[in-house]
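Me: I'd like to learn how to read a few features in a structure like this one. Could you walk me through them?

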Amino acid sequence: MKVSDYILQRLREWDVEHVFAYAGDGINGLLAAWGRADNEPKFVQSRHEEMSAFQAVGYAKFSGRVGVCAATSGPGAIHLLNGLYDAKLDHVPVVALVGQTNRSAMGGSYQQEVDLQSLYKDVASDFCETATVPEQLPNLIDRAMRTAYARRTVTAVILPADVQELDYSPPTHAFKMVPSSLGLGRYAPVPADDDVRRAAEVLNAGEKVAVLIGQGARGARAEVEQLADVLGAGVAKALLGKDALPDDLPYVTGSIGLLGTRPSYEMMRDCDTLLVIGSSFPYTQFLPELDQARAVQIDVDPHMIGLRYPFEVNLVGDSGETLRRLLPHLRRKEDRAWREKIEKNVSRWWEVMQRRAAVAADPVNPEYVVHALDARLPEDAIIAADSGSAANWYARHLRLRGRMRGSLSGTLATMGPGVPYAIGAKFAHPDRPAIALVGDGAMQMNGMMELVTAAKYRHEWSDPRLVVAVLNNGDLNQVTWEMRAMSGAPQFLESQDLPDLPYAEIARHMGLDGVRVEKPEQVEAAWDRALAADRPFVIDFRCDPAVPPIPPHATLDQIEAAASAVLHGDSDRGSMIAQGVRAKVQEFLPGARHRSGRPGATGGDTPNEGA
């Protein structure tokens, strides 16, 4: 047995079923071992190492298991970094196996030699070690797996090419040998009883309680619902926690922040008490004023406690276990006026979203595209949104409910993970449909070539549905709007303008299916066809770049900046003004609700025309 054989055996013993990877001579020993092991764990080939890392992240996010990726030395190891940082910043467990030049060549400026210990010391700061002798195993694999699980982070094992080829010999019962064992014991830390009682006193004293949850509350859905009922509270969600609580609950205000909803903004603006559960939401300006609310935080990681707001009580512990200890100390609030106000605001917001989706655009309103998907989401769907304006519509228009799962690149907010996340989800749950919402910028950056990966592996998925929806507006749209709103700068076409590609036609050439949508009346049929397809399906939605991703509370500075962009000759100034007015006015129109999200089908009220 070679060292490479033993590494794959140890991964199998850790129940690793997939390794997302790309070949290279720095891991030739591992590749040969895969051949001897009948491809167990399964080698999943991407088109690029960065995509392998993203697929490992998507797999980990949607399975709850460690994602494992592998790459060759030098450029392969470098290419992994963006995906690994995505995992680190979103607290996702990922293990990277990285090749290195032979030990005899290290330090000799050899081909593809990179100082991987220095390169990886930040992204894999909790555990990054190089194997130099066989006896370091199984310890290196065990600690990499265990640390990734326990600290929800990235770890790395660097494997010189010649070490992979050595005969395996285990550590012995001797001085300076380090034996190891499998497994990670289950545990759920809890806060001290005194801290729980202090937190209850703060929450009981409040009259207007606002709750903010993140992905750390995903395992405490029932407890969060019970707490919200007892306290008469509304619940906002950080984007990584969008699937932690159903959006169809009347007191769930939805996302918060620049991509958030107005009910979330108003709840934070008006509350007198704040409870944050399992979230490190970074944008303090969307939380209550610093002297406005008494606040409590619950987080399992003491390193992340006390961040973002002057919390009065910090509870370090597992969200579910902590809430189960907290709930008996809470008193039910009999005055439900605060809760009723929140529910009214939420109901009104969904009316506004329906109206925004019904605003006419040229050629198709991207808000309508995503709003039309909402009612069609399969009950077990997994949704991945890419960074950019697609993330706005994912955050505001999709109501995740029941078993639905969704995620995006939360903290790194990198472009490009939408399609590989969905592929990782398909390997985690081959019996569930996956949907990727991506902009044309992200699709051109790397999503298109991962269609090849989908075509390669589609026959292994019992549910064949992987839908890639491309919001094709010919513009790096989020950056364009940020330039307008933050800098007052007009659109700079040299950096923002994108070529138009036939995405659906390209998919068909790969053996997939697809359709191009250029009219609003084609949107719903396209979704229906994609969600009934017998193979991965690409929908090329031709969207209007002038539809603005308006934040829940536009500041005077932002309004002045956008006006400055117009005055300085923005290339799209006529359309952006018209679409901005039409979209914003939907928040102020009284009365009739739209019975259909389709532009023109407005149930007798036509604000899309009147605005």
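Predicted model: local features only at pLDDT ≥ 70, side-chain atom pairs only at ≥ 80, totals over all residues.

Me: Which residue does Arg-516 form a salt bridge with?

Reply: The general idea first: side chains of opposite charge can pair when their charged atoms come close. Here, the partner of Arg-516 is Glu-518, and the closest N and O atoms of the pair are 3.6 Å apart. Since the cut-off is 4 Å, that distance counts as a salt bridge. Glu-518 is partly exposed too, at 45% relative accessibility.

Me: How far apart are Arg-325 and Glu-321 in helix α11?

Reply: They sit 4 residues apart in helix α11 (residues 319–326), so about one helical turn separates them. As for accessibility, Arg-325 is partly exposed with a relative accessible area of 35%, and Glu-321 is partly exposed with 22%.

Me: Now take Asp-247 and Lys-242: are they buried or exposed?

Reply: Both are buried. Asp-247 and Lys-242 form a salt bridge as well, their closest N and O atoms being 3.4 Å apart.

Me: And how many salt bridges does a search of the whole structure find?

Reply: The search turns up 37.

Me: Let's move to the backbone. Where should I look for a cis peptide bond?

Reply: Read the omega angle. Between Glu-40 and Pro-41 omega is about 0 degrees, and that peptide bond is cis. Pro-41 belongs to the loop between α2 (28–36) and β2 (42–45). Another cis bond runs from Leu-137 to Pro-138, with omega near 10 degrees. You'll find Pro-138 in the loop between β5 (128–130) and α6 (139–151).

Me: What is phi of Asp-15?

Reply: Phi is near 65 degrees there, a positive value in a residue other than glycine. Asp-15 is in the loop between α1 (3–13) and β1 (18–21), and at 53% relative accessibility Asp-15 counts as exposed. Lys-176 is a further case, again with a positive phi near 65 degrees in a residue other than glycine. Lys-176 lies in the loop between α7 (161–164) and α8 (193–205) and is exposed, with a relative accessible area of 71%.

Me: How do I read the interior? How many residues are in the largest nonpolar core?

Reply: In soluble globular proteins, nonpolar side chains tend to be buried together. In this model, the largest nonpolar core has 52 residues. Leu-80, Leu-84, Val-94, Tyr-120, Met-443 and Val-468 have the most contacts inside it. Helix α3 (residues 49–63) gives the largest share of this core, 7 residues.

Me: If I zoom in on Met-443, what is in contact with it?

Reply: Setting aside neighbours within four places in sequence, Met-443 touches Val-419, Val-438, Met-448, Leu-451, Val-468, Val-470 and Tyr-503.

Terms used:
Residues numbered from 1 in each chain as written. Heavy atoms only, no water. Salt bridge = Lys/Arg side-chain N within 4 Å of Asp/Glu carboxyl O. Buried < 20%, exposed > 50% of the residue type's maximum accessible area, 1.4 Å probe, protein only. Helix = DSSP H or I, 4+ residues; strand = E, 2+ residues; numbered from the N terminus. Core = buried A, V, L, I, M, F, W, Y, C linked by side-chain atoms within 4.5 Å. Contact = heavy atoms within 4.5 Å.
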